[in-house]
Amino acid sequence: MSRRTSRPRGTAAPRITPASPCPCGLPAAYGECCGRFHSGGAAAPTCEALMRSRYAAFVVQDAAYLLRTWHPETRPPGVDFDPSMRWVGLEILETTEGSAFHSTGTVTFRAHYTDDGRPDSLHEKSRFVRHEGAWVYATAVFVD
């Protein structure tokens, strides 16, 4: 996901513990799912896993992880979060390539959020590449 928003200082991320359901939508606890990628305990093995973990990083407001998993050629200088925005669900619509046997892949998804309580969604096709052996987010095309 490439959405960059601004956040005033002091705005807290939603409280998610290692035992909480993972925000990415898979039936696992956050600590066993995307949390292990966020902490650096493991690397996402596929571009879909990276996409899910990046979505979860937006939910928990982990800017360091988002920047670490962004290709250096397209990485912004920073990531800020809008305090009126809450990410509430992720739908993976299509993946192409992106496995351990590929060097590129795409993930088309719809990320649902509320903005000041109003529901909306972001429909995007993200492109991922391997950089120094790890999957990273490269670019995106907004579908809607």
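Predicted model: local features only at pLDDT ≥ 70, side-chain atom pairs only at ≥ 80, totals over all residues.

Visitor: What share of the residues is buried?

Guide: A residue is buried under 20% relative accessible area, exposed over 50%, and partly exposed in between (1.4 Å probe, protein chains only). Of the 144 residues in the protein, 45% are buried. Accessible areas come from the Shrake-Rupley method with a 1.4 Å probe, and for residues only the protein chains shown count as cover. The accessible surface of the protein is about 7400 Å², with 51% belonging to carbon and sulfur atoms.

Visitor: What share of the contacts joins residues 24 or more positions apart?

Guide: Contact means heavy atoms within 4.5 Å. Among contacts with a separation of 6 or more, 51% are between residues 24 or more positions apart.

Visitor: How is a pair of aromatic rings described?

Guide: Such a pair is described by the distance of the centres and the angle of the planes. Rings of Phe, Tyr and Trp (its six-membered ring) pair if their centres lie within 6.5 Å; planes under 30 degrees apart count as stacked, over 60 as edge-to-face and the rest as tilted. The whole structure contains six aromatic pairs. The rings of Tyr-55 and Trp-87 are edge-to-face because their planes stand at 80 degrees, with the centres 6.2 Å apart. This pair links distant parts of the chain, since Tyr-55 belongs to helix H2 (residues 47–60) and Trp-87 to strand E1 (residues 85–97), 32 residues apart. Both Tyr-55 and Trp-87 are buried.

Another edge-to-face pair is formed by Phe-128 and Tyr-137, with 5.9 Å centre to centre and 70 degrees between the planes. Phe-128 is buried at a relative accessible area of 0%, and Tyr-137 is buried at 2%.

Visitor: Which residues do ring pairs link into a cluster?

Guide: The cluster consists of Tyr-55, Phe-58, Phe-81, Trp-87 and Tyr-113.

Visitor: Which charged end sits over the ring of Trp-70?

Guide: A charge sits over a ring if NZ of Lys or CZ of Arg is within 6 Å of the ring centre and within 35 degrees of the ring normal. Here the charged end of Arg-54 sits over the ring of Trp-70, 4.9 Å from its centre.

Visitor: How many disulfides does the structure hold?

Guide: A disulfide is a pair of cysteine sulfur atoms within 2.5 Å. The structure holds zero disulfides. Cys-34 is in none, and its nearest cysteine sulfur, that of Cys-22, is 3.6 Å away. Cys-34 counts as buried because its relative accessibility is 1%. Cys-47 is likewise buried, with a relative accessible area of 1%.

Visitor: Where is Ala-44 placed?

Guide: Ala-44 lies in the loop between H1 and H2, and is buried at a relative accessible area of 12%. The C-alpha atoms of Ala-44 and Cys-34 are separated by 8.5 Å, the two residues being 10 apart along the chain. Leaving aside neighbours within four places in sequence, Ala-44 is in contact with Phe-37, Ala-49, Leu-50 and Trp-135.

Visitor: With which side chain does Ser-99 make a polar contact?

Guide: A polar contact is a pair of N or O atoms within 3.5 Å; within protein, one must be able to donate a hydrogen and the other to accept it, and residues adjacent in sequence count only if both atoms are side-chain atoms. The side chain of Ser-99 makes such a contact with the side chain of His-102 (2.9 Å). Ser-99 is in the loop between E1 and strand E2 (104–115), and counts as partly exposed because its relative accessibility is 21%. Not counting residues up to four places away in sequence, Ser-99 touches Pro-45, Thr-46, Arg-130 and Trp-135.

Methods:
Residues numbered from 1 in each chain as written. Heavy atoms only, no water. Helix = DSSP H or I, 4+ residues; strand = E, 2+ residues; numbered from the N terminus.
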